[in-house]
Amino acid sequence: MITPDMSIASVMKLDPEVAPVFMSYGMHCLYCPHASAESIAEASLVHGINADELVKALNAYFDKKNP
């Protein structure tokens with residue numbers, strides 16, 4: 001289960017193919033230093049994204065991939 005306090009890098013390590021979900025929310029720098037330091041919630045705030053919606057989309061991706 002993905003949570004807002006997880007880093008982008010930790011989610012990418014679970015499955016690099018999740019990248020299009022982040023990119024669809026305007027997060028394109030998935031391997032920059034901030035990706036390993038910032039939480040999804042922090043990155044969402046910087047990018048003006050609703051963190052809850054992004055987390056929901058990420059969890060939907062993983063639920064679909066791993067039923």
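**The core and its helices**

Mentor: In this predicted model, the largest nonpolar core has 20 residues. Those with the most contacts inside it are Ile8, Val18, Phe22 and Leu58.

Trainee: Which helix gives the most to this core?

Mentor: Helix 1 (8–14), helix 2 (19–24), helix 4 (40–47) and helix 5 (51–65) each supply at least two of the core residues. The greatest contribution, 5 residues, comes from helix 5.

Trainee: Which residues is phenylalanine 22 in contact with, leaving aside its neighbours within four places in sequence?

Mentor: Phe22 is among the residues with the most contacts inside the core. With those neighbours left aside, its partners are Ile8, Val11, Met12, Met27, Leu30, Leu54 and Leu58.

Trainee: How many charged residues does the contact of helix 4 with helix 5 have?

Mentor: From helix 4, Ile40, Ala41 and Ser44 meet Ala51, Leu54, Val55 and Leu58 of helix 5. By class, this contact has 6 nonpolar residues and 1 polar residue, while the number of charged residues is none.

Trainee: Is lysine 13 buried or exposed?

Mentor: Lysine 13 lies in helix 1. Its relative accessibility is 73%, and the cut-off to be passed is 50%. Lysine 13 therefore counts as exposed.

Terms used. Residues are numbered from 1 along each chain as its sequence is written. This is a predicted model: local features need pLDDT of at least 70, side-chain atom pairs count only at pLDDT 80 or more; totals for chains, interfaces and linings use all residues. Side-chain values use heavy atoms; hydrogens and water are left out. A nonpolar core is a set of buried Ala, Val, Leu, Ile, Met, Phe, Trp, Tyr and Cys residues joined through side-chain atoms within 4.5 Å. Buried means under 20% relative accessible area, exposed over 50%, partly exposed in between (1.4 Å probe, protein chains only). Helices (H or I, at least four residues) and strands (E, at least two) are DSSP runs, numbered from the N terminus. Contact means heavy atoms within 4.5 Å. Ala, Val, Leu, Ile, Met, Phe, Trp, Tyr, Cys and Pro count as nonpolar, Asp, Glu, Lys and Arg as charged, and the others, Gly among them, as polar.
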